[in-house]
Amino acid sequence: PGFEFNSPNHDNIAPRLGFSYRVTDKAVVRGGGGIYYNANHLNAYTLASTNYPFSSSVAISNGGAGTVPTFTFSNPGSGTVSPVLGTPGTYVSAFTVDHHLPTSRMYQWNLDLGQEVWRNGGLELQYLGSHSIHLDESYYPNQPQPGAGNVNARRPNQLIGQIREIENNGIATYNGLTVVLRQRTVYGLSANLSYTWSHSLDTSPDSNGGGTAMYQGHLKMDYGNSNGDIKNRFVGTVTYALPQFAGHNLAVREAIGGWQVNAIVDLRTGIPIPISISSDVANAGGLGTQRPNFVHIERTTCSRQTIINQVGTARASCLDATGYATPANFTYGNVHRNSTYGPGAANTNLSLFKDFAIREGIQFQFRAESFNTFNHPNPSNPNASFGSATFGQITSAQTTFTSTGARIVQVAGKINF
């Protein structure tokens, strides 16, 4: 009774401020800012069930299939018992949550300038920025410093093995500039075209997503490009509704009147490639993502051409292996986290809609849709494990737009009433 994982937080104040100013009849300026919070996710707390004695067990085995069991339910025998936490030499793992766990907080601000450029057409220039603090990560306080010898024998607390502690000390920043051209419906045509340049940086993904420092206790050394950072992106949506041909007979109206054609075009640059080394060179327990040493700025060629230009079955590497070197034993590499980027992507979706009247207030809608219409393969990031025989090789397609990366066509119908 009275147990609590965390102490309460009394500073979760979330003010918001916004403004809008009409400069001229055709121009407006908007802006605002605020503080936002995100509650600590409960999934992390369930890991406490892995602690001793909740996860302790007794394993009893027999000779296997076809043999006479050496034990019964009434006389199971002693079996093998899980080690007891705190027993020297057993190194039982433990999980905990920082008692003083602040709530994740984001400071966000924005500014927008809108201008009518022609009838029913508007241009917007937008800026969005944010700074986030108290983001969660997994901290392992009982990891040894890099060095020679057995990892367990060098742990600071010899009565426990690996200790995982959820802490909220991660940070992130985002800055984005967007240009949007909007065209309201004119003669059946409407469009929305936008381009965004942005940059997102953080210390790590969340704790459940592998978020832990390469060098425990030195999280800020991992501050770099976010895993999902996309610096350039264009998205265009266009809709064209054919006339209803109201002055023509029923056959013409139903055959060619009232169709709606839609298109979505998405062009984007790639996300970071997490260059890493697979072995525990530092000999510190293998936590986090260890990285190689920097030699020179690498020349990446990761694109669709990497696949197209392959000769036979040999796969080409699009990463420059000479740009890196394996660190000396018992040290960490100095390559920045997510320092290089992978291939971009291009995708087009098309759809065709048509409503057929059944009776008053009831319509049947026919829909034909295609995703990745031009069957345009977008290569995924290459193998980023430095020292691997397949380092820099692209072996799969992105599945961002369709489940397999290939074109999908579907026909559907529904009744609206």
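**Figure 1. Serine 351 is located in strand β18, which spans residues 345-359.** The model shown here and in the following views is predicted. Serine 351 has a relative accessible area of 13% and is therefore buried, the cut-off for this class being under 20%. When residues up to four places away in sequence are not counted, serine 351 touches Gln260, Val261 and Asn262, together with Ala368 and Glu369.

**Figure 2. Alanine 284 occupies the loop between β14 (276-277) and β15 (293-294).** Its relative accessibility of 6% places alanine 284 in the buried class. Neighbours within four places in sequence aside, the contacts of alanine 284 are Gln143, Pro144, Pro146, Val151 and Tyr332. Lysine 220 lies 64 residues from alanine 284 along the chain, and the C-alpha atoms of these two residues are separated by 18 Å.

**Figure 3. A disulfide joins cysteine 302 to cysteine 318, with an S to S distance of 2.1 Å.** The structure holds 1 disulfide. Cysteine 302 belongs to the loop between β15 and α2 (304-308), whereas cysteine 318 belongs to the loop between α2 and β16 (324-325), so the pair ties together parts that are 16 residues apart in sequence. The torsion about the S-S bond is about 80 degrees, and the disulfide is therefore right-handed. Cysteine 302 and cysteine 318 are both buried.

**Figure 4. Strand β2 (residues 27-38) pairs in the antiparallel sense with strand β1 (residues 16-24) and also with strand β6 (residues 104-118).** The pairing of β1 with β2 extends over 8 bridges, and these two strands form a hairpin with 2 residues between them. Within this pair, glycine 18 stands opposite glycine 32 of β2. The pairing of β2 with β6 extends over 12 bridges. Here isoleucine 35 has tyrosine 107, in β6, as its bridge partner.

Figure 5. At least two lining residues come from each of β2, β6, β7 (121-139) and β8 (163-186). Strand β7 gives the most to this lining, with 4 residues. By class, the lining of the largest pocket contains 7 charged, 5 polar and 3 nonpolar residues.

**Figure 6. The second largest pocket holds about 260 Å³ of space.** This pocket is lined by 15 residues, and those that lie nearest its centre are Pro205, Asn227, Pro274, Thr289 and Arg337. The lining of the second largest pocket divides into 8 polar, 4 nonpolar and 3 charged residues.

**Figure 7. The largest cavity has a volume of about 40 Å³.** The model contains 1 cavity of 30 Å³ or more. The largest cavity is lined by Asn347, Asn372, His376, Asn378, Gln398, Phe401, Thr402 and Gly405. In this lining, 7 residues are polar and 1 is nonpolar, with no charged residue present.

Conventions:
Residues numbered from 1 in each chain as written. Predicted model: local features only at pLDDT ≥ 70, side-chain atom pairs only at ≥ 80, totals over all residues. Heavy atoms only, no water. Pairing = 2+ DSSP bridges. Buried < 20%, exposed > 50% of the residue type's maximum accessible area, 1.4 Å probe, protein only. Contact = heavy atoms within 4.5 Å. 1 Å grid on protein atoms, 1.4 Å probe; cavity = no way out; pocket = protein on both sides within 12 Å on 5 of 7 lines; lining within 4 Å. Points joined across faces, edges and corners; volume = space filled by probe spheres on them. Nonpolar A, V, L, I, M, F, W, Y, C, P; charged D, E, K, R; others polar. Disulfide = S-S within 2.5 Å.
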